[in-house]
Amino acid sequence: MAETPLQTDLATKDKTQRIVVADEGPLSVFLDTGKYEQTWRAARTLAASNLVPVQYQNKPENCFLAFTMAQQVGMNPFAFMQKTYMVGGKLAMEAQLIIALLNTRGPFKDPVQWEFTGEGKERACTAYATHKVTGSRCEATVTWAMVEGEKWHQKERGVSKWLTMPDMMFRYRSASFLASLYCPEVKFGMMTLEEAEDIDGVTVVSPTKPAPPVSPLDAKLHRKAVTSEVVGTTTQNVAQLESRLLALAREGHYLCRSEDGDFVLGKVPAGEAAECAEKSLQALTTKDVDELTAADVAAINVTITEVTKGV
């Protein structure tokens with residue numbers, strides 16, 4: 001028995017129906033559809049900015065993960081990104097950030113403090129704080145013998161900070177050890193930037209040298225963003241387009257095509273704003289969102305303006 005046009009249409013809708021998940025658990029930013037999409041939009045906006053460190057520029061995936069980590073520690077994502085670096089393919093924090101996290105989110109009732117003993121090769125530094133539950137003293141000690149034994153003071157290039165400002169390095173290293181011993185969750189198990197610099201065979205991404213695009217598509221998008229006559233980068237324009245469609249959907253409208261192929265406004269069912277915003281974008285272009293050029297976005301915006309006149 002031949003299918004009717006209605007049955008064919010329903011079958012097509014079933015195949016393309018979007019799954020929406022609601023989640024309030026600790027991993028909701030990954031599992032909740034709405035939170036994931038909004039965080040991804042924010043990550044794309046950050047990646048398009050030249051104010052973020054180079055290891056995050058044009059890398060929305062890195063920005064997404066940094067955004068989620070900043071949320072977990074209650075920090076502004078932009079500030080968090082300024083204090084983190086890529087080291088040997090892993091993320092590392094500046095010691096200043098770890099000390100700040102220890103003081104604000106650690107299990108201690110007072111700020112981290114330090115005690116120094118000895119001089120020269122007998123020099124040692126102990127970072128300590130009082131546990132807020134047990135009242136006991138928590139501490140971690142770094143000695144010059146450890147510095148020499150681990151060869152932290154030896155660098156292939158330049159002069160090690162262990163030789164030029166040893167007391168500061170003692171404070172940084174002992175604070176990191178304190179966090180590793182008593183609350184590794186505060187620093188996500190990461191090493192500090194200063195620790196990474198003491199390890200042979202790793203490279204810290206320089207905050208002054210642009211990071212090369214990781215794929216031909218990244219390079220293509222970057223070139224189009226720089227040379228586009230449209231104000232702002234391609235990524236920024238796409239993010240603004242998505243925000244515009246979502247705002248329109250929240251007002252109760254989305255774009256679709258009539259039987260004649262013309263663009264018309266459809267009514268958004270309750271609770272389906274995000275899904276209808278996605279439908280609008282699918283109706284407006286056959287391209288994947290990552291393939292849109294600045295010219296594509298400009299043309300789509302013109303269509304939206306024409307269709308929504310009077311709304």
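Which side chain meets that of Glu119 in a salt bridge?

Which side chain meets that of Glu119 in a salt bridge? It is that of Arg123, at 3.4 Å from N to O. The views below show this pair and other parts of a predicted model.

**Figure 1. Overview of the protein chain in the predicted model.** The secondary structure of the chain comes to 14 helices and seven strands. The chain has 311 residues, of which 39% count as buried. Its accessible surface comes to about 17,900 Å², and carbon and sulfur atoms hold 54% of this area. Among contacts with a separation of 6 or more, 52% are between residues 24 or more positions apart.

**Figure 2. Close-up of the salt bridge between Glu119 and Arg123.** The two partners differ in their cover. Glu119 counts as exposed, because its relative accessibility is 61% and the cut-off for exposed is over 50%. Arg123 has a relative accessible area of 15% and is therefore buried, the limit being under 20%. Side chains of opposite charge can pair when their charged atoms come close. The structure holds six salt bridges.

**Figure 3. Close-up of the open sheet made of β3, β4 and β5.** The three strands follow the order β3-β4-β5, with antiparallel pairing. Strands β3 (113-117) and β5 (137-143) are at the edges; each has a single partner strand, so one side of each lacks a neighbour in the sheet. On average, neighbouring strands of this sheet are turned by 20 degrees against each other, with direction ignored. Strand β4, residues 124-130, pairs with β5 in the antiparallel sense over seven bridges. Ala127 has Ala140 in β5 as its bridge partner. Helix α9, residues 166-182, packs on the sheet and touches β3, β4 and β5. The direction of helix α9 makes about 135 degrees with that of β5.

**Figure 4. Close-up of the salt-bridge network of Glu115, Arg137 and Glu139.** The side chains of Glu115 and Arg137 meet in a salt bridge with an N to O distance of 3.1 Å. This pair links distant parts of the chain, with Glu115 in strand β3 and Arg137 in strand β5, 22 residues apart. Arg137 also meets the side chain of Glu139, at 2.7 Å from N to O. Glu115 counts as partly exposed at 35% relative accessibility. Arg137 is partly exposed at 40%, and Glu139 is partly exposed at 35%.

**Figure 5. Close-up of the hairpin of β1 and β2.** Strand β1 covers residues 84-87 and strand β2 covers residues 90-93. The two strands pair in the antiparallel sense over four bridges. Thr84 stands opposite Met93 in β2, and Val87 stands opposite Lys90 in β2. There are two residues between the strands, and in this hairpin Gly88 takes a positive phi near 60 degrees.

**Figure 6. Close-up of a nonpolar patch on the surface.** Leu27, Phe30, Leu31, Tyr36 and Leu65 form the patch. Together these residues have about 460 Å² of accessible area. Tyr36 lies in helix α3, which covers residues 33-47. The relative accessible area of Tyr36 is 36%, so Tyr36 counts as partly exposed.

Conventions:
Residues are numbered from 1 along each chain as its sequence is written. This is a predicted model: local features need pLDDT of at least 70, side-chain atom pairs count only at pLDDT 80 or more; totals for chains, interfaces and linings use all residues. Side-chain values use heavy atoms; hydrogens and water are left out. Patches are made of residues with over 30% relative accessible area and no salt bridge: like charges are joined within 9 Å, nonpolar side chains (Val, Leu, Ile, Met, Phe, Trp, Tyr) within 5 Å. Accessible areas come from the Shrake-Rupley method with a 1.4 Å probe; for residues, only the protein chains shown count as cover. A salt bridge is a side-chain nitrogen of Lys or Arg within 4 Å of a carboxyl oxygen of Asp or Glu. Buried means under 20% relative accessible area, exposed over 50%, partly exposed in between (1.4 Å probe, protein chains only). Two strands pair if DSSP finds at least two bridges between them. Axes are lines fitted to C-alpha atoms, for helices over the stretch in contact, and angles run from 0 to 180 degrees between N-to-C directions. Contact means heavy atoms within 4.5 Å.
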